[in-house]
Amino acid sequence: MNAAVKTFVTLAVIYLQVITVNAQQAAIGKTEITKWQFGKNGAVSLTYDDGSINQFKHALPIMERLKLPATFFVITGGIPGSKYHGKFIGRPVKTIIKESATIPTNEKNFFERSSAGGYLGYKGTITYVTRAASLYDNVKRREHAFKVMDTLYQKVRNGDFQPGYQPCDEVLQEDGLTWDDLRSYSGRGYEIASHSITHASMPGLDSVNIAYELEKSKEEIRDKMGVRSTFSTEVPYGYEDERVMKIAYKIYPVLRNRMPEPWLKEIDRASKQTPGTTDKSYIQWQRGATTKTPLPLMESWVDTAVAKNNTWLVLVFHGVDNLGYEPLPHAMLDEYFQYIKNNQKDLWIATFGDVARYMHQKEYTKLEESKTGDKLTIKLSSPLYRGMYDLPLTLKTYVSPNWKHVWVWQGKRMQRVDSATDEKGSYVLYQAYPWTPLTLSGKEN
């Protein structure tokens, strides 16, 4: 290399160094809210449907040992001491039964007949309602739903059922669960949330009975567990029926069935799609393991969440150890949960409600920065209700490279954090609540 070339290379290196230093200096004081709490690369939530007693007997102890949080969507009406139970709100059922002898089920009377179906005074009728609702949810099979209702009411008129009331299997599988137990689990960091009063098949219900199932279940949980437990729900069977969703949105801030936010892409359990390129800030990727799902496939879901930087893996479990829908052995869950735990360095493992809260808070919080002398001031503001959206956000602030240790003050709360570096310069990660200004100051070398 001749002298001229050496001089050019030297000048180019110096020029790049100057640009880098200037860029790092310009970044000082800049703050962002990290996509996930603690600056993790992704998030994962363990969720359980139905409140089967085996979930608490066999799966919860594993999670407690590994210190993993989870969300349990419980059916409130079957728990001893509950105030609200399943019922039909509408005309007398004897009148509806009598009309069914001369007027076939059709689009005009289906919701009433289906809503009343479980409360006609006979055992075994709810299975017909469940089947009819599933058929009605498919526009092409609604005539079949009407025929199921006609069969049900004909059997009732013929006296083919035994008198009484029999809840669905999911309610019976909660046997042994108490509100005292649930309060204890909540106090240990587990989210207890609503799964309706009776595990109702809501695409087959009219609006009044849908609202009763959701509103009174929420009221029950509020009275037994506190307001914070009323944040989220899962409409039974994972339905996304538009009519049902509109009613549910008015009652709960967040549904696991669907979260129609402009910044979130959803991939539901039935989809074969995997997280890919999107213009959304976040992807919620729901996966539901069944008895036939191999463990390596379940582990690959976790690997995908780690590899991406925008993916929230929502795992859905039902039965455990031969009790409940598609039950998984607790030994398999133990191995799987250990795999998740081993990826905790990259994944934020949190309840469904907490991840949803964090995303909402991040998207709706505004941030202002200023610098006075050797101190940085950051102000956060949010229109969200503080009593429900109460998680700390993780902030990333770029600081002087001379600040190796940084003190963060928010009101009377102080954090001491060590700085780290990336391509933009020195920075600190710390927790902040979106309603009190923060002050940062650093210690020179």
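The side chains of Ser-100 and Arg-157 are joined by a polar contact of 2.8 Å (a pair of N or O atoms within 3.5 Å, one able to donate a hydrogen and the other to accept it). Ser-100 lies in helix H3 (residues 93–100) and, at 8% relative accessibility, counts as buried (under 20% relative accessible area, 1.4 Å probe, protein chains only). Apart from neighbours within four places in sequence, Ser-100 is in contact (heavy atoms within 4.5 Å) with Arg-113, Tyr-153 and Arg-157.

The model is predicted, with local features requiring pLDDT of at least 70 and side-chain atom pairs pLDDT 80 or more, while totals for chains, interfaces and linings use all residues. Residues are numbered from 1 along each chain, and side-chain values use heavy atoms, without hydrogens and water.

Helices H8 and H9 pack at an angle of about 70 degrees, with axes 10 Å apart; the axes are lines fitted to C-alpha atoms over the stretch in contact, and angles run from 0 to 180 degrees between N-to-C directions. H8 is therefore roughly perpendicular to H9 (65 to 115 degrees). The residues that meet are tabulated below.

| Helix | Range | Residues in the contact |
|---|---|---|
| H8 | residues 179–187 | Trp-179, Leu-182, Arg-183, Ser-186 |
| H9 | residues 207–225 | Glu-220, Ile-221, Lys-224, Met-225 |

By class, this contact has 4 nonpolar, 1 polar and 3 charged residues.

Helix H13 (residues 352–364) has 13 residues, which at 1.5 Å a residue should span 18 Å; its end C-alpha atoms are 19 Å apart, in agreement. H13 is mostly covered, with 10 of its 13 residues buried, among them Phe-352, Asp-354, Arg-357 and His-360.

Note on methods:
Helix = DSSP H or I, 4+ residues; strand = E, 2+ residues; numbered from the N terminus. Parallel < 35°, antiparallel > 145°, perpendicular 65-115°, else oblique. Nonpolar A, V, L, I, M, F, W, Y, C, P; charged D, E, K, R; others polar. Expected span 1.5 Å × (residues − 1). Buried < 20%, exposed > 50% of the residue type's maximum accessible area, 1.4 Å probe, protein only.
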